[in-house]
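Subject: Structure handover

Hello,

Here is the structure we spoke about, for your own use. My notes on it follow below.

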Amino acid sequence: MLSEEAAEGGVAELLQQENQQDISNTPRGLFSGSYSGVLQSDVSTKAVALLASSADKLFSSAISHLSSDPLRSFLEALVKSSQIQLFGRPLEHSTSPRSTKALSRPLSAVATSVLHLHRLTELVLVCSRSSHSLLNMMQVWSIVASHFTEAACHAERTISKLAITSYHQILTEVMRKRVELPHFSFNEALLKPMEDMLSLGLCDMATQDH
């Protein structure tokens, strides 16, 4: 278990705690062997767990702590990273969703449990539940919506189903939490990925049925 001090202080504090000495002055104690550059297994396990916890906090706090422009940049970078995960490279705006199937990476190269698609879904849901204005919510959706269509067209059925499930979860949550205001057409924007997938035949029949 990580101590409260280590959790608050970060990896450096964890290493200091484990070795009971100043890591900047006495690095020998941090490694297995003499300056081998390899952390001891118990320390490295705790460090990885701490980094994973910090990453979780980063994503969970992004919506509440970032203003509009930084949040937009954060989401754009996350979408690009997700495209690299799923298709091996960022996709140009001119790339049609239909062509993404040919670019799909095999499932063996993509660990579904760590897909950035999970993070994108989580961020949109948190934004919907937060105090962000409808305009901010519309901006968030304009950044991520097309990527859910891309992912739904992935050649791997596991990933395409995940994209459809995530999209349905977002659609249900947002339409339940937020009432459409006069002179707005956000619900139409929410349904646009579904319209594209069905009307343009971007997904196979099994995915559409899902």
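P193 counts as buried, at 2% relative accessibility; buried here means under 20% relative accessible area, exposed over 50%, and partly exposed in between, with a 1.4 Å probe and protein chains only. P193 is found in helix α9. Helices are DSSP runs of H or I with at least four residues, strands are runs of E with at least two, and both are numbered from the N terminus. Not counting residues up to four places away in sequence, P193 touches W141, A145, T149 and Y167, where contact means heavy atoms within 4.5 Å. Between P193 and I164 there are 29 residues in sequence and 9.9 Å in space, C-alpha to C-alpha.

This is a predicted model, in which local features need pLDDT of at least 70 and side-chain atom pairs count only at pLDDT 80 or more, while totals for chains, interfaces and linings use all residues. Residues are numbered from 1 along each chain as its sequence is written, and side-chain values use heavy atoms, with hydrogens and water left out.

Overall make-up

The protein has ten helices and zero strands. Of its 210 residues, 35% are buried. Taking contacts between residues at least 6 apart in sequence, 65% join residues at least 24 apart. The accessible surface comes to about 11,700 Å², and carbon and sulfur atoms account for 56% of that; accessible areas come from the Shrake-Rupley method with a 1.4 Å probe, and for residues only the protein chains shown count as cover.

Nonpolar core

The largest nonpolar core has 39 residues, and L123, W141, V144 and F148 are those with the most contacts inside it. At least two residues of this core come from each of α3 (41–65), α4 (68–87), α6 (116–129), α7 (134–152), α8 (157–177) and α9 (186–199). The helix that gives the most is α7, with ten residues. A nonpolar core is a set of buried Ala, Val, Leu, Ile, Met, Phe, Trp, Tyr and Cys residues joined through side-chain atoms within 4.5 Å.

Leaving aside neighbours within four places in sequence, L123 is in contact with F59, A62, I63, F74, L75 and L78.

Helix α6

L123 is one of the buried residues of α6, along with L117, L120, T121, V124, L125, C127 and S128. The buried residues of this helix pack against α3, α4, α7 and α8. The length of α6 agrees with expectation, because its 14 residues at 1.5 Å a residue should span 20 Å and its end C-alpha atoms are 20 Å apart. The expected span is 1.5 Å times one less than the number of residues.

Salt bridges

How many salt bridges does the count come to? The count is four, a salt bridge being a side-chain nitrogen of Lys or Arg within 4 Å of a carboxyl oxygen of Asp or Glu.

- R72 and E76 form a salt bridge, with the closest N and O atoms 3.2 Å apart. The two are separated by about one helical turn, because they are four residues apart in helix α4. R72 is partly exposed, with a relative accessible area of 33%, and E76 is also partly exposed, at 36%.
- E122 and R119 meet through their side chains in a salt bridge of 3.7 Å, N to O. Both lie in helix α6, three residues apart, about one turn of the helix. E122 counts as partly exposed, at 28% relative accessibility.
- E173 and R129 form a salt bridge in which the closest N and O atoms are 3.0 Å apart. This pair links distant parts of the chain, with E173 in helix α8 and R129 in helix α6, 44 residues apart. E173 counts as buried, at 8% relative accessibility.

R129 and E173 also belong to a network of salt bridges that includes R176.

Nonpolar surface patch

M175, L191, M194 and L198 make a nonpolar surface patch of about 320 Å². Patches are made of residues with over 30% relative accessible area and no salt bridge, with like charges joined within 9 Å and nonpolar side chains (Val, Leu, Ile, Met, Phe, Trp, Tyr) within 5 Å. Helix α9 supplies the largest share of the patch, three residues. L191 has its place in α9 and is partly exposed, with a relative accessible area of 35%.

Regards
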